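Hello,

Here is the structure you will be working with. Please open it next to this message.

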Amino acid sequence: EGDPTGPDNYGYYIYDSGDIDYMLAVYDWFEIIGNGGTNLDLSDNGDGQYSGDTDVVTLPYEFQFYGITYNEITISTNGWISFGDHQMSAFRNYSIPGAGGPSPMVAAFWDDLMTTNGGDVYYFSTDEYVIVEWDDMSIYGESSNQRNTFQIILYNTNYFPTVTGDGDIK
């Protein structure tokens, strides 16, 4: 607790909200709802099955992840993105990488999430970064009224260079 996990074999680290002594753990929140974000109109009532909705979005720049360059991402209602075109709508949080989800995958809040009762998934892009925001999502089977809002930000290495050439992700 208080320290990032990693590096993995490729050099990536994972930071969480408890890693406050590390500059890379500082999260940049860019509210995209009402500020140019596009509602992807994805629908998921969360049913404990392999259901959910995905959308494939073309990136405005090439993004390198683990040494492979991609020009599109798949966005899932179940709290993850995948590089490339993957129509799998996996909701079970298995080990990554693994048979339970697409590969390669970035899971911000991987669960059986629902868009019902006001939840939506938004997308926003500039030449510098891409933001995916899951807004007001609830978890299937949870009895509480807890709602979850979270983002993934993909940074363009032309504006935010890295040692490996791979893009930073927050």
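Below is what was found in it, from the whole chain down to single residues.

Please keep in mind that this is a predicted model.

Overall make-up

The protein chain has 9 strands and 0 helices. Its pattern along the sequence is accordingly β-β-β-β-β-β-β-β-β. The chain counts 170 residues, and for that number a compact globule would have a radius of gyration near 15 Å; the value for this chain is 16 Å, which agrees. Along the principal axes, the C-alpha atoms fill a box of roughly 45 × 35 × 30 Å.

Burial, surface and contacts

Of the 170 residues, 40% count as buried. The accessible surface of the protein chain is about 9,100 Å², and carbon and sulfur atoms hold 47% of that. Among contacts with a separation of 6 or more, 53% are between residues 24 or more positions apart.

Trp80

Strand β4 covers residues 80–83, and Trp80 lies in it. Is Trp80 buried or exposed? Its relative accessible area is 0%, so Trp80 is buried, the cut-off for that being under 20%. Thr54 is 26 residues from Trp80 in sequence, while the C-alpha atoms of the two are 9.7 Å apart in space.

The salt bridge

How many salt bridges does a search of the whole structure find? The search gives 1. The partners are Arg147 and Asp136, with 3.0 Å between the closest N and O atoms. This pair links distant parts of the chain, 11 residues apart: Asp136 is in strand β8 (129–139), and Arg147 is in the loop between β8 and β9 (148–155).

Asn148

Asn148 lies in strand β9. With a relative accessible area of 8%, Asn148 is buried. Which residues does Asn148 touch, not counting those up to four places away in sequence? They are Phe109, Trp134, Asp135, Asp136, Met137 and Ile139.

Regards

Notes. Residues numbered from 1 in each chain as written. Predicted model: local features only at pLDDT ≥ 70, side-chain atom pairs only at ≥ 80, totals over all residues. Heavy atoms only, no water. Helix = DSSP H or I, 4+ residues; strand = E, 2+ residues; numbered from the N terminus. Rg over C-alpha atoms; globule rule 2.2 N^0.38 Å. Buried < 20%, exposed > 50% of the residue type's maximum accessible area, 1.4 Å probe, protein only. Contact = heavy atoms within 4.5 Å. Areas by Shrake-Rupley, 256 points an atom, 1.4 Å probe, with all protein chains shown as cover. Salt bridge = Lys/Arg side-chain N within 4 Å of Asp/Glu carboxyl O.
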